[in-house]
Amino acid sequence: MSTTGATADPLAALGSLPGVAESVESVRKAVDRVYGHRVMRRRSNEITSEAALRGARGSAALSGADWGLEEVRRRTDFSGDDEARAMGAALRLTAEAGQLLSIWRQSPLRVLARLHLVAAASQNDEVGRPRQVGESVDEPLIELPLPSAADVSGRLEGLSELIIAGSSAPALVTAAVVHGELLALRPFTSHNGLVARTAERIVLIGSGLDPKSVCPAEVGHAELGRAAYLAALDGYVSGTAEGMAAWITHCGKAVELGARESTAVCEALQRGAA
C-alpha cells in the first residue's frame, strides 16, 4: 500500500470505499452478538481459549495444514513433517499474540520480528528479521511477484509509520491493510502467511473491536477458502479502489464467520454439549 497522497490518513480514506462502511457495520453487529451472549458473561475465558485453538487451526489450513479440530486437540508433537510444523507454528503464534499488544502501537516492526522468531522456532540467521538481497522465500501457496528486499524495507517502514501515527480508520480497515501488506511483501524467508494473519488478530484485539479475542478471523478465512483468499489478495495488490474494497470486505466476512463460530461455541456451552 502506498503511504503517499493527498490525505494525511490514508487508512481512514479507505473506509469510504464502496461497500467498506457496510462491511464495518456488519462486522460490528456480529461482534456485538457474541459479546452480548449470556455465556460470555460467565465463561469468556473458555470462549477465548476455544477461539484461539480454532483460529490457529484455520490459519494453519491456509498454510497447507488442513487438519480437523479434534486432531489439533489430540496432537502433542508438532515437530514431524511440514504440516505438523505449520500447525505448531500457528498454535505458538496464537499464544504469543496476546503478549505483544502493548508493544504493537509503539514498535510494530519489533512485533513482526518477534512473530517470525516464534513461528520459525529456529536460531538461523535469517529468522526474526526482514529478508535480505538474494534470500529466497518459502511461501509456496502465494504465487504473486515477490517485491525486492529494498521495496520490503521501504514499505515496512511506511506501514510502521502508519501504525505508530494512529488513524481514525475502523479497526477492520487497519487490520485488513496490515494483513494484506504483509502477504504482498512476504518480508520474511518463511511463515509470512501465519505472521500476517496473527498481525491481523493483534490489530483486531488491540483496537478494542475484539478485546477478548473471541472472533477469530482465521476461522473465516479458512471457511471462505484458499481460492477466495488469494483472489481477494490479488485485489489488494492491484491497488485499485475496487480491489482494496474487495480485500477489506473479504476480511470483514472472515471476522463475521469467526464471530459466528464463537457464537456456536457459546450455544454449545449453554446446552452443556461442549
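The model is predicted, so local features are reported only at pLDDT of at least 70 and side-chain atom pairs only at pLDDT 80 or more, whereas totals for chains, interfaces and linings use all residues. Residues are numbered from 1 along each chain as its sequence is written, and side-chain values use heavy atoms, with hydrogens and water left out. Helices are DSSP runs of H or I with at least four residues, numbered from the N terminus.

**Helix 9 and helix 10**

- Helix 9 (residues 171–185) packs against helix 10 (residues 192–206) at an angle of about 165°, and their axes lie 8 Å apart; axes here are lines fitted to C-alpha atoms over the stretch in contact, and angles run from 0 to 180 degrees between N-to-C directions.
- That angle makes helix 9 roughly antiparallel to helix 10, a term used for angles over 145 degrees, just as roughly parallel is used for those under 35.
- The crossing of helix 9 with helix 10 is right-handed, meaning that the near helix is turned clockwise from the far one by less than a right angle.
- On the helix 9 side, A171, T174, A175, V178, H179, L182 and L183 meet N192, G193, A196, R197, A199, E200, V203 and L204 of helix 10, where contact means heavy atoms within 4.5 Å.
- By class, this contact of helix 9 with helix 10 has nine nonpolar, four polar and two charged residues, with Ala, Val, Leu, Ile, Met, Phe, Trp, Tyr, Cys and Pro counted as nonpolar, Asp, Glu, Lys and Arg as charged, and the others, Gly among them, as polar.

**Helix 5 and helix 10**

- Helix 10 also packs with helix 5, at an angle of about 25° and with the axes 10 Å apart, and the two helices are therefore roughly parallel to each other.
- This crossing of helix 5 and helix 10 is right-handed.
- A86, A89, A90, L93, T94 and A97 in helix 5 meet L194, V195, T198, R201 and I202 in helix 10, a set that divides into eight nonpolar, two polar and one charged residue.

**Salt bridges**

- The structure holds 16 salt bridges, each defined by a side-chain nitrogen of Lys or Arg within 4 Å of a carboxyl oxygen of Asp or Glu.
- R54 and E50 are joined by a salt bridge of 2.7 Å, N to O, and both lie in helix 3 (residues 38–62), four residues apart, or about one turn of the helix.
- R54 also forms a salt bridge with E261, again at 2.7 Å, N to O; because R54 lies in helix 3 and E261 in helix 13 (residues 241–271), this pair ties together parts that are 207 residues apart in sequence.
- R54 counts as buried at 19% relative accessibility and E261 as partly exposed at 23%, given that buried means under 20% relative accessible area, exposed over 50% and partly exposed in between, with a 1.4 Å probe and protein chains only.
- E50, R54, E70, R73 and E261 are linked in a network of salt bridges.
- In helix 5 (residues 82–97), D82 and R85 are three residues apart, about one helical turn, and their salt bridge brings the closest N and O atoms to 2.5 Å.
- D82 counts as exposed at 60% relative accessibility, while R85 counts as partly exposed at 38%.

**A buried serine**

- S160 lies in helix 8 (residues 149–165) and counts as buried at 6% relative accessibility.
- Not counting residues up to four places away in sequence, S160 touches P108 and L109.

Definitions and conventions: Angles under 35 degrees count as roughly parallel, over 145 as roughly antiparallel, 65 to 115 as roughly perpendicular and the rest as oblique.
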